[in-house]
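Dear colleague,

Please find the structure below, handed over for your reference.

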Amino acid sequence: MVHRTQYKTGGRPDGKTRMTMTEFKKFIDTLDTNKDGVVSAEELSQAVRKRGGWFATWKGNRALKSADANVNGYVDEDEFPKLVAFAENELNVVIVEY
């Protein structure tokens, strides 16, 4: 079963999800289930699952590896731009300005 998300493709022919940076940050904040201020590979995998993506564990691990500059196993606020770049390149997300 594919779970639907509140974020829409906005009629884009490429099928990419459009959201503002604020919306993306709020979405990632909802994944921080233990509220420790950082996002783990498991929490990133949950993001992929929520968007209906396939291979969620694999993609979550790839997202962490791509964004975790200090290699501590978590994505923190300083590493957030790398997570955004990963989402745009690998998860069909487009960050837009409103």
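Glu42 is partly exposed, with a relative accessibility of 43%; here buried means under 20% relative accessible area, exposed over 50%, and partly exposed in between (1.4 Å probe, protein chains only). Please note that this is a predicted model, in which local features need pLDDT of at least 70 and side-chain atom pairs count only at pLDDT 80 or more, while totals for chains, interfaces and linings use all residues. Residues are numbered from 1 along each chain as its sequence is written, and side-chain values use heavy atoms, with hydrogens and water left out.

The side chain of Glu42 forms a salt bridge with that of Arg49, at 3.7 Å from N to O. The term denotes a side-chain nitrogen of Lys or Arg within 4 Å of a carboxyl oxygen of Asp or Glu. Arg49 is likewise partly exposed, at 32% relative accessible area. By this rule there are two salt bridges.

The side chains of Glu90 and Arg62 also meet in a salt bridge, at 3.2 Å from N to O. Glu90 belongs to helix α4 and Arg62 to helix α3, so this pair ties together parts that are 28 residues apart in sequence. Helices (H or I, at least four residues) and strands (E, at least two) are DSSP runs, numbered from the N terminus. Glu90 is partly exposed at 36%, as is Arg62 at 28%.

Within α4, the buried residues are Phe80, Leu83, Val84, Phe86 and Ala87. They lie on the same side of α4, because they cover an arc of only 160 degrees around the axis, the arc being that of the directions from the helix axis to the C-beta atoms. Pro81 and Asn89 are exposed on the other side of α4. The buried residues of α4 pack against α1, α2, α3 and β2. Leaving aside neighbours within four places in sequence, Leu83 is in contact (heavy atoms within 4.5 Å) with Phe24, Ile28, Leu44, Ala63, Ala67 and Val75.

Yours sincerely
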